[in-house]
Amino acid sequence: MARDSYLFTSESVSEGHPDKICDRISDAILDAFLAEEAMARVACETFATTDRVVVGGEVGLSTRDKLDAFMGGVEKIVRGCVKDIGYEQEGFHWENLKFENLLHPQSAHIAQGVDNDGAGDQGIMFGYACTETPELMPAPIQYSHKILRTLAEARHAGEVPQLGPDAKSQLSVQYEGGKPVGVTSIVLSTQHLDESMSSDDVRAVVEPYIRKTLPEGWISADTEWHVNPTGKFVIGGPDGDAGLTGRKIIVDTYGGAAPHGGGAFSGKDPTKVDRSAAYAARYLAKNVVAAGLAERCTIQLSYAIGVAKPLSIYCNAHGTGTVDEAAIEAAVAECMDLTPRGIIEHLNLRQPIYQRTAAYGHFGRNPADDGGFSWEKTDLVEGLKKAV
């Protein structure tokens with residue numbers, strides 16, 4: 001039996017978190033390759049530490065000469081990302097950091113399977129949607145993201161010059177009757193540039209932004225606040241803690257409210273089903289919920305390397321479905337070609353649209369006119385209703 005009353009907690013990290021810097025760089029390199037050539041192959045990893053960024057992995061363009069010429073622009077992309085995020089501190093400065101490029105051509109053995117429209121790797125991918133928020137996302141992760149995004153926008157606008165780029169948030173949300181009704185605790189740790197600021201000083205800066213971000217009535221007199229609970233947080237970013245692409249996969253998805261197949265997204269072109277099939281699974285789950293076929297929906301897809309057709313499709317409506325789950329499984333397969341090529345074409349994924357996904361979640365965002373976040377559209381609703 002499902003519980004009606006409980007607490008659930010999710011966290012988010014800002015664009016200036018060391019791991020998110022690396023995700024941003026990897027996706028910026030991916031976007032640059034896709035802008036150069038829609039069929040580019042990219043599996044890019046980034047490592048960042050004090051005063052240094054290293055990129056490596058497999059990449060491919062139509063010719064080796066073209067690839068060699070393109071490599072010269074990678075360093076400019078890296079420095080541009082760090083500058084845009086806002087790092088100009090001793091120990092990590094966009095202009096002075098040391099850079100190393102270890103990218104190399106894609107393995108021919110991987111390429112041969114993908115060239116035949118097969119999946120770029122084996123794996124399992126999950127998508128999830130629920131009615132807790134207008135974006136059909138779990139409330140704890142959606143509002144954890146929103147708090148940090150709001151503070152980042154204020155920082156870039158010059159409203160909070162005391163704050164640095166590195167930050168983390170965490171919300172414990174109270175559920176009653178299975179619905180989110182408030183927060184019992186708010187945790188925010190944010191880098192500050194003024195060493196004299198205390199935790200109380202930082203709270204005075206950030207509290208108004210947090211209050212305007214959360215739904216009305218969610219913060220009460222009993223809500224616990226933990227703002228910079230360890231005290232000072234002046235040394236931030238890779239100078240304080242090393243970063244690596246793909247280490248925030250739960251932040252990137254559903255905050256722990258749904259399963260995760262284990263594969264990271266950033267730096268991977270859409271032939272990698274770790275990314276594209278996870279986007280497709282979210283797209284299908286969201287459309288199932290938007291169609292009124294369930295209040296909560298998990299979709300799982302599985303693939304084998306070099307094989308185009310998914311090995312399995314699974315749906316769990318968590319007891320909220322209005323039709324049989326087997327009917328939903330059949331309907332999603334009817335409404336969308338779930339081969340890697342079918343997913344890429346349906347969601348129009350061969351575009352430079354990925355850098356913006358690197359912070360504040362890959363899901364629960366608004367579809368953009370240029371094709372960004374196409375997996376957040378609800379244009380399958382009528383097709384699914386008809387299919388079931």
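Which residue in S8 is the bridge partner of Leu7? In this predicted model, local features need pLDDT of at least 70 and side-chain atom pairs count only at pLDDT 80 or more, while totals for chains, interfaces and linings use all residues. Residues are numbered from 1 along each chain as its sequence is written, and side-chain values use heavy atoms, with hydrogens and water left out.

The bridge partner of Leu7 in S8 is Gln174. Strand S1 and strand S8 (residues 163-176) pair in the antiparallel sense over eight bridges, where helices (H or I, at least four residues) and strands (E, at least two) are DSSP runs numbered from the N terminus, and two strands pair if DSSP finds at least two bridges between them. Four strands form an open sheet of mixed pairing, in the order S1-S8-S9-S10; its edge strands, S1 (6-13) and S10 (224-227), each pair on one side only.

Helix H5 (residues 139-156) packs on the sheet and touches S1, S8 and strand S9 (179-192), contact being heavy atoms within 4.5 Å. The direction of H5 makes about 150° with that of S8, with axes fitted as lines to C-alpha atoms, for helices over the stretch in contact, and angles running from 0 to 180 degrees between N-to-C directions. Helix H6 (residues 199-213) lies across S8, S9 and S10, and runs at about 120° to S10.

Of the 19 residues of helix H1, 16 are buried, so H1 is largely enclosed by the rest of the structure; buried means under 20% relative accessible area, exposed over 50%, and partly exposed in between (1.4 Å probe, protein chains only). In helix H3, the buried residues include Val74, Ile77 and Cys81, and H3 is followed by Gly86, whose phi is positive, near 120°.
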